[in-house]
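Here is a brisk report on one protein chain. Have the sequence and the structure open while reading.

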Amino acid sequence: MTDAPSSPRPSVFTVPMSTRDPAPIPTPLPTTTSQKPSTPSFALPKLRLEIRDLNHDGTQGFLIAVVASKALLTAVQSVLSLLYKSPTEHTTTVPGTRSVTLVLRSMEGVAYTTGSELDSDHKEIHFSLDYIHKSVAPALLAHEIMGVLTHEMVHCYQYNALGTCPGGLIEGIADWVRLNSGLSPPHWKREGTGKWDAGYQHTGYFLDYLEKRYGEGLVRKLNEKLRIERYKEKHFWTELCGRPVEQLWCDYRQKLEEESKKTEEEECLFVDRYDATASGALASQAPTSTTESGEIADVSAGVV
Ligand SMILES: [Zn+2]
C-alpha cells in the first residue's frame with residue numbers, strides 16, 4: 001500500500017472546463033399549433049412479444065423491418081380509432097381486451113388470432129416466421145407486417161354477433177380496417193364478382209363502399225350491432241342500411257361497372273387526342289423518314 005502524496009492529485013483525469021464540449025442545446029419541442037391531432041387516449045392492453053425461434057431467418061427479417069413495440073401499439077391504435085373512434089364515444093363499446101401477445105413462430109399459413117385458454121380477454125396473435133422469411137419481398141416487408149398485424153389486431157377487438165356472424169363479414173371488417181389504415185398490399189383490387197361475404201379485401205372494399213355511401217361511422221355502427229344482437233341477415237342489413245345486403249351488393253357491382261366503363265372511355269379519349277397530336281406532328285415534318293415514322297408508330301402502339 002502506498003502512502004497518500006502530500007499534495008493530493010485528482011484521482012480521476014478531468015478535462016479542463018475550457019476544452020469541454022459545450023452543453024448540448026435541447027431541441028425545442030414542437031409548438032402546439034404544428035402538432036397533429038393526438039390519438040384518442042384509449043386504455044391500452046398489455047402488449048407482449050414471444051419469439052419462439054431466435055435463429056429463424058424470419059425473426060431477423062421481422063426485427064429489422066419494424067420496431068416491435070411501436071408496431072403493436074400502432075396496430076392497436078389504428079383498430080381502436082377506426083372501430084370505436086374515441087373512449088368517450090357513446091355509440092360504441094370497446095371490449096375489455098386486457099393483453100395481446102404476438103407469438104412469432106414457424107408454422108404454415110400467415111397468421112391467426114386466438115383467445116387464451118384461461119381468459120378470452122387475453123389474446124394471442126400467431127404470425128408465421130416462414131411467411132415473413134419466404135413470401136414477402138424485402139422492400140414490402142414492413143408494410144406487409146403492419147398490414148397483417150393490423151388485420152389480426154381487429155380480431156382482438158371486434159364483435160361477432162354472439163358467435164353468429166358470418167366468417168366472411170368478420171374477415172371483411174378486418175381488411176376494411178387494414179385498408180383504412182393505409183396498409184393495403186399492391187395486389188388488392190375492388191371486385192363486384194361472386195358473393196358479398198367472400199371475405200377479406202373482397203368484402204372489405206364492399207364495406208368501404210357502404211361507409212362512403214351511408215357516411216363515416218357505418219362500419220362502427222355495424223360492429224356495435226354485432227355486439228348486441230344475433231345475426232339475422234335480412235333484419236340486420238335492412239335496419240343498418242335500409243336495404244337487404246343482396247341489393248346493396250348489386251348497387252356496388254353496378255357502381256364498379258360504371259366506373260370501369262368511364263375509365264375505358266377516358267382512356268379512349270386520351271388515345272384519340274394522342275393520335276390527333278401525333279398526326280399533326282407528322283404533317284409538319286415533311287419529308288418523314290422511314291426511321292422517324294417507325295418510332296412514332298412504336299410509341300402509338302405502346303399507348304394503345
Ligand atoms: Zn382474419
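In helix H5, the buried residues are Leu169, Glu171, Gly172, Ile173, Ala174, Asp175, Trp176, Val177, Arg178 and Leu179. The model is predicted. H5 is mostly covered, with 10 of its 14 residues buried. What lies over these buried residues? The cover includes H2, H4, H6 and helix H7 (218–228). Just after H5, Gly182 has a positive phi of about 75°.

Past the end of H6, Gly215 takes a positive phi of about 105°.

| Helix | Residues | Number of residues | Span, first to last C-alpha | Expected span at 1.5 Å a residue |
|---|---|---|---|---|
| H5 | 167–180 | 14 residues | 20 Å | 20 Å |
| H6 | 200–214 | 15 residues | 21 Å | 21 Å |

H5 reaches close to its expected span. H6 likewise reaches close to its own.

**The chain as a whole**

The protein chain holds 10 helices and 4 strands. Read from the N terminus, the order of elements is β-α-α-β-β-β-α-α-α-α-α-α-α-α. Of its 304 residues, 24% are buried. Take the contacts between residues at least 6 apart in sequence: 70% of them join residues at least 24 apart.

**The nonpolar core**

In soluble globular proteins, nonpolar side chains tend to be buried together. Here the largest nonpolar core has 49 residues. Which of them touch the most other members? They are Ala75, Val79, Leu149, Met153, Ile173 and Val177. Helix H2 (residues 68–84) gives the most to this core, with 9 residues. Domain 1 (42–157) and domain 2 (159–278) both contribute residues, so the core lies between them.

Met153 shows the packing in detail. Leaving out residues up to four places away in sequence, Met153 touches Ala75, Val76, Val79 and Val100. Ile173 and Val177, also among the residues that touch the most other core members, are buried residues of H5.

Leu73 is found in helix H2. Is Leu73 buried or partly exposed? Leu73 has 14 C-beta neighbours inside 10 Å, and counts as partly exposed; a buried residue needs 20 or more. Leu73 and Thr150 are 77 residues apart along the chain, yet their C-alpha atoms are separated by 9.9 Å.

**The sheet**

Strands of a sheet pair through backbone hydrogen bonds, either parallel or antiparallel. The open sheet in this model has 4 strands in the order E1-E2-E4-E3, and its pairing is mixed. Strand E1 (46–51) and strand E3 (111–115) stand at the edges with a single partner strand each, so one side of each has no neighbour in the sheet. From one strand to the next, the twist averages 20°.

Now go through the pairs. E1 and strand E2 (residues 99–105) run parallel and are joined by 6 bridges. Leu47 has Val100 as its bridge partner in E2, and Leu49 stands opposite Leu102 in E2. E2 and E4 run parallel too, joined by 7 bridges. There, Arg105 stands opposite Ser128 in E4. E3 and E4 pair in the antiparallel sense over 5 bridges. Gly115 stands opposite Lys123 in E4. E3 and E4 form a hairpin, with 6 residues between them.

**Faces and cover**

Val100, Leu102 and Leu104 make up the covered face of E2. Ser99, Thr101, Val103 and Arg105 make up the uncovered one.

Helix H4 (residues 141–155) lies across E2, E3 and strand E4 (122–128). H4 runs at about 25° to E3.

Thr114 is found in strand E3. With 14 other C-beta atoms within 10 Å, Thr114 is partly exposed. Thr114 and Val100 are 14 residues apart in sequence, and 9.9 Å apart in space from C-alpha to C-alpha.

How values were computed
Residues numbered from 1 in each chain as written. Predicted model: local features only at pLDDT ≥ 70, side-chain atom pairs only at ≥ 80, totals over all residues. Core = buried A, V, L, I, M, F, W, Y, C linked by C-beta atoms within 7 Å. Buried ≥ 20, exposed ≤ 12 C-beta atoms within 10 Å, placed from the backbone. Helix = DSSP H or I, 4+ residues; strand = E, 2+ residues; numbered from the N terminus. Domains from an automatic or database assignment. Contact = placed C-beta atoms within 7 Å. Pairing = 2+ DSSP bridges. Axes fitted to C-alpha atoms, helices over the stretch in contact; angles between N-to-C directions. Expected span 1.5 Å × (residues − 1).
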